[in-house]
Amino acid sequence: MLNVDGGPNAGSAPTIATGAAVGQHEALEPRVLVPLRIVGEPPALGQPVHALSGETMGTTWAVRFIGPAGLRTGAIEDAVVHVCDEVIAQMSGWIEESDLSRFNRAAAGTTQPLPNGFATVLEAALRIAAASGGAYDPTAGALVALWGFGPSGATAIAPRHDAPGFRPPTAEACADAHCGWASLDWDEQRHRLTQPGGATLDLSAIAKGYAVDRVSALLIKLGLPDHLVEIGGELRGAGLKPDGQPWWVDIEPPESDCGLAPLRLALHGLSVATSGDYRKCFADADGKRRSHTLDPRTRRPVEHGLASVTVVHESAMWADGWSTALMVLGPDEGLALADRLGLAALLVRRVESPAAHGERPARVIYEERFSAAMQELMV
């Protein structure tokens, strides 16, 4: 996502006509999405926008907030880093001594008490798994690793896809990998999780969103209700800027010249998360694109042509988790579920159009599908 300092019509850049093949340029005006209600008073004029940033969870974080000119931002930065470090200590699959890694290597029948944050994320993950029919599965860690997208180092299960000599797993290896959210024995009341034997949790598709929610809550607690939080592309905006404008962001397209008009979103008490196949992928020996988005039901990378899914939700955690689930389900099942649950979702599909005379290869066209709830936000 790209933060936009101006209003809904500021900073529009040349792009391509909706539905056009990549490479046919035409400037288009951005489309605008706004929350159904904008409430509250803007902060006092004259207060600056403070900006802090850093690295966490293998990616970057950034916060912007309105506050007095003499605000001690160093203490705020320390508090943000502490929140992110806590999420890592509980839910990172890359850290050997995290709570999640200790559960993954525990013997069958071992019961482990979970800290509150871990419990909150796991509960949300299990609810999404159930509602999506297993399209999202927090126990798919071993499968993710076999396809080359797991952690490296001390917690590695299999080589990563960019390691020398990597080969995609066989169907037999995928079938043998433990993957099944229903196998978890989860005591929601006491926050106790029992290892069924061989289950490998992977919460990377939802934990960053939870961290965004935590940082947003922290800023509110510190008396900074007007802010924008971003971690690894997942965002949450709250309050207003002194000029009365909300926090405007552009929804990231699958490609810079994908033929779709820009989408500009007002983050006012809202979060946004995007899942896509255009960042983490590899080409196999036959030159076929293999996405990091795996379907736990087929145990293979998705092949339905979705390039990205964006979900807008009050919670970044839920936006993060649902964008992954809908990305797995595909353009038809995903849109149907989003409409059934009232999720604000945008699904972008990559379609190969027959090449025009003398053109090679086939042209790529991007098609958008909006859920009913997402259409309600569009003005």
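**Exercise 1. Work out what share of the contacts between residues at least 6 apart in sequence joins residues at least 24 apart.**

Keep in mind that this is a predicted model.
- Step 1: take the contacts between residues at least 6 apart in sequence; 66% of them join residues at least 24 apart.
- Step 2: Of the 379 residues, 51% count as buried. The accessible surface is about 16900 Å², and carbon and sulfur atoms hold 51% of that area.

**Exercise 2. Decide whether Ser216 is buried or exposed, and find what it touches.**

- Step 1: Ser216 sits in helix α6, residues 207–221.
- Step 2: apply the cut-off. Buried means under 20% relative accessible area. Ser216 comes in at 2%, so it counts as buried.
- Step 3: look for partners, skipping neighbours within four places in sequence. That leaves Ser216 in contact with His227, Val229 and Arg236.

**Exercise 3. Check the span of helix α3 against expectation, then find what covers its buried residues.**

- Step 1: count and compare. Helix α3 (residues 116–131) has 16 residues and reaches 23 Å from first C-alpha to last, close to the 22 Å expected at 1.5 Å a residue.
- Step 2: pick out the buried positions. Among them are Phe118, Leu122, Glu123 and Ile128.
- Step 3: see what lies over them. The cover for the buried residues of α3 includes α1 (73–91), α2 (99–104), the strands β6 (185–187) and β7 (192–194), plus α6 and α7 (316–341).
- Step 4: check the end. Just after α3, Gly133 adopts a positive phi of about 65°.

Key:
Residues numbered from 1 in each chain as written. Predicted model: local features only at pLDDT ≥ 70, side-chain atom pairs only at ≥ 80, totals over all residues. Heavy atoms only, no water. Buried < 20%, exposed > 50% of the residue type's maximum accessible area, 1.4 Å probe, protein only. Contact = heavy atoms within 4.5 Å. Areas by Shrake-Rupley, 256 points an atom, 1.4 Å probe, with all protein chains shown as cover. Helix = DSSP H or I, 4+ residues; strand = E, 2+ residues; numbered from the N terminus. Expected span 1.5 Å × (residues − 1).
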